[in-house]
Amino acid sequence: MIMYSRVNSSAATLTKNRTEDSITPASGMCVTCVDGCIGMCEIGKSAYRGHEVIYPQPFGVITTASEKKYPVDYSDFNIMGTAVGAHGIEADSDKALFPSVNLEVKIGHDKKIKFRYPWIIPGIGSTNVAKNNWEGLAIGSALSGTGLTIGENVGGMDMEATITNGKISDTVDLKRRVKLYKDNQRDGYGAIIVQANVEDTRLGVQEYAINKLGVEIVELKWGQGAKNIGGEVKINDLKKAQELHKRGYIVLPNPTDPNVIKAFERGAFKEFERHSRVGMVSEEGFAARVEELRKAGAKYVFRGRCRRRHRNEPMENDE
Ligand code: SF4
């Protein structure tokens, strides 16, 4: 058996083996697993602090990546550039100079979206890592004329958002994120995109972004590249957990249950988990939603799922 994944101990789960130099490759267990070990490996820790091991630690301030060793990866390939002719510039030795190459791309059928450079930053959502680094991402992307996607749950997780009859009618964080991009956008290049998952769709986040914030491009998202299910975050504030539960999120354990409230207040556990639902897409449902968004004023609808986290791309925990 060939094992590419590192099992049973990782800095991401704050676990390690007792016999660090003698580990059974298939299971990752110490070669001698002793009775009485406090269980510092993942198997041991999962046995008594189960759900904590599914979240990389320390939660909320990290991006994480897989430790899997792929047998072949992109570094095994060399991209050999052409030495004949030129692309993106006239094939003239005096004009085909490195800084003069035009990397501009246009996306779309009729009303094309123009990017100065051929990349887009995929959905970066409601977590602190995204929020705390938004200025650099938004201003940099806007000045560069490239695309930036506001990920799922930014409206729904905003404790200062106003929700009227179950729909978002005002926000602080989403508004700030869009404004930072738009204030720095130049000559119509680039795009700010608002992504939506099941909860965002129910809360009308994209309709709000189109009508109130002037967003023209939206992205429908279901699942994530790394694990298919939706984003997860931890909440260490009871009131916030209850508010998110009220807004329609799955919050575990149920923060409105009197026994759970008592246990939290006694310190039996310190964090709630907020989960996003998995979108159950169908061709007809997708087409109907695209039509709704067009009618609401969207110029373009992207079909997305979180594209991060293939191999060692950063994964913010966890949206
Ligand atoms: S529980 Fe067993 S496998 Fe895990 S660290 Fe202890 S001795 Fe090693």
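Let me begin with residues 306-319, where pLDDT stays under 50 in this predicted model, although the coordinates still give that stretch 67 contacts beyond four places in sequence. For the protein overall, the mean pLDDT is 88, with 94% of the residues reaching 70 or more.

Turning to the segment before helix H1, which spans 42-49, we find Ile23 there. Leaving out residues up to four places away in sequence, Ile23 touches Asn17, Gly28, Met29 and Val31. As for Arg294, which is 271 residues from Ile23 along the chain, the C-alpha atoms of the two are separated by 57 Å.

Now the cysteines, of which I will mention two. Cys37 is partly exposed, at 32% relative accessibility, whereas Cys41 is buried, with a relative accessible area of 14%, which is under the 20% cut-off. How many disulfides does a search of the whole structure find? The search returns 0.

Finally, the surface, where Val101, Leu103, Tyr117 and Trp119 form a nonpolar patch, with about 360 Å² of accessible area together. One of these residues, Tyr117, sits in the loop that runs between strand S3 (113-115) and strand S4 (120-124), and Tyr117 counts as partly exposed, at 32% relative accessibility.

Note on methods. Residues numbered from 1 in each chain as written. Predicted model: local features only at pLDDT ≥ 70, side-chain atom pairs only at ≥ 80, totals over all residues. Heavy atoms only, no water. pLDDT = per-residue confidence, 0-100. Contact = heavy atoms within 4.5 Å. Disulfide = S-S within 2.5 Å. Buried < 20%, exposed > 50% of the residue type's maximum accessible area, 1.4 Å probe, protein only. Helix = DSSP H or I, 4+ residues; strand = E, 2+ residues; numbered from the N terminus. Patch = residues over 30% accessible without salt bridge, like charges linked within 9 Å, V, L, I, M, F, W, Y side chains within 5 Å. Areas by Shrake-Rupley, 256 points an atom, 1.4 Å probe, with all protein chains shown as cover. Salt bridge = Lys/Arg side-chain N within 4 Å of Asp/Glu carboxyl O.
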